[in-house]
Amino acid sequence: MNLFQAITSALDNSLAKDPTAVIFGEDVAFGGVFRCTVGLRDKYGKDRVFNTPLCEQGIVGFGIGIAVTGATAIAEIQFADYIFPAFDQIVNEAAKYRYRSGDLFNCGSLTIRAPWGCVGHGALYHSQSPEAFFAHCPGIKVVVPRSPFQAKGLLLSCIEDKNPCIFFEPKILYRAAVEQVPVEPYSIPLSQAEVVQEGSDVTLVAWGTQVHVIREVASMAQEKLGVSCEVIDLRTILPWDMDTVCKSVIKTGRLLISHEAPLTGGFASEISSTVQY
Amino acid sequence: MRKMLAAVSRVLSGVAQKPASRVLVASRNFANDATFEIKKCDLHRLEEGPPVTTVLTREDGLRYYRMMQTVRRMELKADQLYKQKIIRGFCHLCDGQEACCVGLEAGINPTDHLITAYRAHGFTFTRGLSVREILAELTGRRGGCAKGKGGSMHMYAKNFYGGNGIVGAQGQIFEAYNMAALWKLPCIFICENNRYGMGTSVERAAASTDYYKRGDFIPGLRVDGMDILCVREATRFAAAYCRSGKGPILMELQTYRYHGHSMSDPGVSYRTREEIQEVRSKSDPIMLLKDRMVNSNLASVEELKEIDVEVRKEIEDAAQFATADPEPPLEELGYHIYSSDPPFEVRGANQWIKFKSIS
């Protein structure tokens with residue numbers, strides 16, 4: 001399966017297993033602009049897979065409301081670049097719901113999916129990687145997969161997780177990345193980074209598409225410079241797996257973090273300051 | 001002769017003020033119910049509105065009176081506790097707006113769901129929480145309805161989703177209107193129009209102050225929010241509209257708050273004391289209900305005074321509890337940030353303080 005098919009498979013598993021699960025967002029009914037929801041409306045009905053008007057704030061607000069009543073809400077924001085009108089709902093409402101009601105209510109069954117990252121021709125508003133903005137907000141989880149197999153497992157974990165989660169899908173990989181992916185449901189734990197390749201001289205950390213770039217870098221470094229790189233896919237940005245990264249740096253003594261998002265205040269700064277401290 | 005008969009019959013029908021000699025309140029014969037005329041509501045996109053007369057039973061009347069008086073006294077007690085610094089933080093009082101919360105509750109079922117913004121103490125009470133739990137939440141103690149961590153703006157109960165500190169700006173409301181109308185959601189959008197948004201009068205903040213019309217494609221009605229019977233009838237009408245599957249509806253309650261926006265606002269820098277006094281003397285919701293009940297022989301002045309005394313005692317007891325109850329233990333500060341098993345560790349104000357977030 002490719003990435004969007006893996007996503008469809010995960011959503012299919014969710015709707016099959018959980019009768020309260022609903023998928024909504026702009027244009028999801030016909031299958032979505034990236035085909036992630038193809039066939040689901042026909043299979044599960046228009047009450048469970050439906051379109052919303054063009055209002056990101058309303059989509060997330062609505063999602064929070066459904067999640068509070070106990071349904072599993074899977075909201076789609078058409079591009080991560082459009083998530084900003086919903087920022088208030090995510091940060092001020094979703095993230096703090098459980099805390100401010102003393103656990104009387106929660107919107108843990110909310111998952112927000114959004115296509116993320118550069119795609120070559122996306123320009124200003126179809127290429128952004130906003131994970132750093134959300135990393136600054138306790139109460140939510142932020143996850144970025146690097147491949148179809150990872151995506152399905154991580155997405156299913158996000159849907160199961162009892163906290164509101166944001167799942168960013170690298171759009172450039174939707175069709176480009178192809179892997180063997182099981183049809184049955186399976187999950188990959190959140191907040192666990194994966195050491196994709198072991199090494200001894202330097203630790204390279206990335207997430208999403210960039211993991212593939214630094215893997216290439218690692219092999220180039222080995223070939224041309226004889227440098228052995230340990231490559232880590234962070235997978236969950238918030239809460240992130242400090243143990244794996246720090247253990248690796250203790251081993252290699254050097255750390256390089258690479259991300260598509262802008263430099264200032266990017267998540268690399270959080271990782272590097274934590275590791276150095 | 002005829003004039004004398006007329007005079008006697010007027011006295012006998014109970015229109016006169018309290019009789020000269022009365023020993024026991026219980027021995028008096030009260031009317032079971034009375035019919036009252038209420039103001040007609042302005043309508044938007046509706047052919048008919050709520051009825052212009054309504055029947056109030058003695059039982060209901062006494063209950064509404066007690067509830068409104070409880071909310072009033074509770075808010076005034078909160079004011080007092082705040083000035084004594086026993087309540088800290090933010091505190092938005094709703095005295096003056098009692099008819100809104102009590103009238104609303106009278107028009108809906110306990111199984112309906114309600115959500116509101118920060119001026120929530122009245123609604124918290126009408127939705128079923130006790131004064132004790134509310135005052136203890138204001139003082140931040142364990143006995144509070146959110147265990148002391150929520151405070152004034154974060155009170156929740158069954159079918160009551162708060163109590164919310166962050167509120168919708170104009171854009172969010174219109175998105176909600178659109179979705180509700182599109183999907184025909186059975187939702188009553190209520191605007192408690194107390195004439196001021198913090199310190200800005202509605203004339204200066206809104207291009208159109210006919211809030212009940214601003215749902216545009218959503219029908220609306222404008223209700224006298226100081227008259228509890230008007231609020232009740234309008235709510236019943238709106239609820240019936242929604243339950244019949246016609247979709248959302250908007251209700252604007254014209255009301256007034258005596259206090260400022262919050263306890264940090266004296267409330268007189270953007271309006272005159274005369275204005276506040278005028279509303280208090282002419283349109284106070286508790287006074288309006290009391291006059292109606294007494295004049296129609298639904299209750300006596302003494303009986304209502306007794307209720308006042310009982311309410312005052314209840315509030316005093318609750319305030320005592322709220323002041324004496326211990327604060328929640330410090331470990332609870334980190335609870336419920338994440339739902340996590342094993343508990344998720346949270347750093348406190350410095351790196352040596354750690355909280356566990358368990359749920």
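Reader: Which residues line the largest cavity?

Author: Rolling a probe the size of a water molecule over the atoms shows where empty space is left. On a 1 Å grid over the protein atoms alone, a cavity is a set of points where a 1.4 Å probe fits but cannot get out, a pocket is an open set with protein on both sides within 12 Å along at least five of seven lines, and lining residues have an atom within 4 Å of a point. In this predicted model, the lining of the largest cavity includes A:A94, A:A95, A:Y97, A:R98, A:K162 and, from chain B, B:I337. Six of the lining residues are nonpolar, four polar and two charged (nonpolar: Ala, Val, Leu, Ile, Met, Phe, Trp, Tyr, Cys and Pro; charged: Asp, Glu, Lys and Arg; polar: the others, Gly among them).

Reader: What volume does the largest cavity have, and how many cavities of 30 Å³ or more are found?

Author: A volume is the space filled by probe spheres set on the grid points, which are joined across faces, edges and corners. The largest cavity has about 60 Å³, and the whole structure holds three cavities of 30 Å³ or more.

Reader: What are the conventions of the model?

Author: Residues are numbered from 1 along each chain as its sequence is written, with chains lettered from A and ligands numbered from 1 in the order in which they are written. Local features need pLDDT of at least 70 and side-chain atom pairs count only at pLDDT 80 or more, while totals for chains, interfaces and linings use all residues; side-chain values use heavy atoms, leaving out hydrogens and water.

Reader: Which residues are closest to the centre of the second largest pocket?

Author: The second largest pocket has a volume of about 1600 Å³. Of its 44 lining residues, A:L238, A:P239, A:M242, B:F344 and B:E345 are the closest to the centre. The lining divides into 22 nonpolar, twelve polar and ten charged residues.

Reader: Which element gives the largest share of that lining?

Author: Helices (H or I, at least four residues) and strands (E, at least two) are DSSP runs, numbered from the N terminus. The largest share, five residues, comes from α11(A). Elements that each supply at least two residues include α10 (242-252) of chain A and β9 (344-347) of chain B.

Reader: Is B:D216 buried, partly exposed or exposed?

Author: Buried means under 20% relative accessible area, exposed over 50%, and partly exposed in between (1.4 Å probe, protein chains only). B:D216 is partly exposed because its relative accessible area is 44%. In chain B, buried residues make up 50% of the 359 residues.
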